[in-house]
Amino acid sequence: MRKLLISLFLAATISSPALALDTDRDQPIEVTADRFNGDEIKQTAIYSGNVVVTQGSMRLTGVRLELSITPKGYRHVVITGQPAHFKQQRDQKKAHIEEWVHADANCIVYDEETDTVTLTENASLNRTENGISKDMTSGERIVYDMRNARSNVQGTKGQRVTTIIAPRKSSEKNEPRTGTSLSSSTKLSTSKD
């Protein structure tokens, strides 16, 4: 049961193309912890003490991992730590550039029903290229909507939200952009009512 539950959770969470190395989903999942307590009737699994989850390039660590299946059949996962850590390599977009996504928070929650990942308490999300931090955001709470690729970052009264975006290299600035282009018009028309 524990392998099935954690396998289903991890398959759902790491299959997001924005975050995952495409080949990770085909790798075996390994969960290690000091203790495991599973209840098939309640559809819960709890790993505690030095929890480490790996699958391909993905590594998730914390003090406690709680996995449950809701009455509707959705997975709900909570990993806690001081902080809990997540890292995963992204698919390579450019030759010789190795990108990684890193997340840290005291609590990381995955909700399959809403397809969201929520980082709370000292939350940070960081993207590195060849080991160098490029883009980062931090706050008290970061909610990432995986379906719509949207983020919401909140601070607290004493802490503001911080975002750092790396400048593009001059060679990137000169690359043609793709997307919709507007055509020029030489004639304006008006409509009469």
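This is a short walk through a predicted protein model, from its overall layout to single residues.

Residues are numbered from 1 along each chain as its sequence is written. Because the model is predicted, local features need pLDDT of at least 70, side-chain atom pairs count only at pLDDT 80 or more, and totals for chains, interfaces and linings use all residues, while side-chain values use heavy atoms, with hydrogens and water left out.

Start with the layout. The protein has two helices and ten strands. Helices (H or I, at least four residues) and strands (E, at least two) are DSSP runs, numbered from the N terminus. Read from that end, the order of elements is α-β-β-β-β-β-β-β-β-β-β-α.

Next, the surface. The protein exposes about 12,700 Å², and carbon and sulfur atoms supply 49% of it. Accessible areas come from the Shrake-Rupley method with a 1.4 Å probe; for residues, only the protein chains shown count as cover. Of the 193 residues, 35% are buried. Buried means under 20% relative accessible area, exposed means over 50%, and partly exposed lies in between (1.4 Å probe, protein chains only).

How does the chain meet itself? Take the contacts in the protein with a separation of 6 or more: residues 24 or more positions apart account for 45% of them. A contact means heavy atoms within 4.5 Å.

Now look inside. In soluble globular proteins, nonpolar side chains tend to be buried together. The largest nonpolar core here has 22 residues. Such a core is a set of buried Ala, Val, Leu, Ile, Met, Phe, Trp, Tyr and Cys residues joined through side-chain atoms within 4.5 Å. Which members touch the most other members? They are Leu60, Leu65, Ile79, Ile108 and Leu119. At least two residues of this core come from each of strand 3, strand 4 (58-69), strand 5 (75-89), strand 6 (99-111), strand 7 (116-129) and strand 8 (132-145).

Rings come next. The structure holds one aromatic pair. The rings of Phe36 and Tyr47 have centres 4.8 Å apart and planes at 45 degrees, so the pair is tilted. The rule covers rings of Phe, Tyr and Trp (its six-membered ring) with centres within 6.5 Å; planes under 30 degrees apart count as stacked, over 60 as edge-to-face and the rest as tilted. Phe36 lies in strand 2 (residues 35-39) and Tyr47 in strand 3 (residues 44-55), so the pair ties together parts eleven residues apart in sequence. Are the two partners buried or exposed? Phe36 is partly exposed, at 35% relative accessible area. Tyr47 is buried, at 4%.

The charged end of Lys87 sits over the ring of Trp100, 5.2 Å from its centre. To count, NZ of Lys or CZ of Arg must be within 6 Å of the ring centre and within 35 degrees of the ring normal.

Charges also pair with each other. How many salt bridges does the structure hold? There are seven. A salt bridge is a side-chain nitrogen of Lys or Arg within 4 Å of a carboxyl oxygen of Asp or Glu. One joins Lys72 and Glu113 (3.1 Å, N to O). Lys72 lies in the loop between strand 4 and strand 5, and Glu113 in the loop between strand 6 and strand 7, so the pair ties together parts 41 residues apart in sequence. Lys72 is exposed, with a relative accessible area of 64%. Glu113 is partly exposed, at 32%.

Now turn to Glu99. Glu99 lies in strand 6 and counts as buried at 8% relative accessibility. Arg90 forms a salt bridge with Glu99, with the closest N and O atoms 3.5 Å apart. Arg127 also meets Glu99 in a salt bridge (2.8 Å, N to O). Arg127 lies in strand 7 and Glu99 in strand 6, so this pair ties together parts 28 residues apart in sequence. Arg90 is buried, and Arg127 is buried too. A network of salt bridges links Arg90, Glu99, Arg127, Glu129 and Asp135.

Finish at a loop. Gly155 lies between strand 9 (150-154) and strand 10 (162-164). Gly155 counts as partly exposed, at 36% relative accessibility. Leaving out residues up to four places away in sequence, Gly155 touches Glu140, Arg160 and Val161. The C-alpha atoms of Gly155 and Ser138 are 8.3 Å apart, and these residues are 17 apart along the chain.
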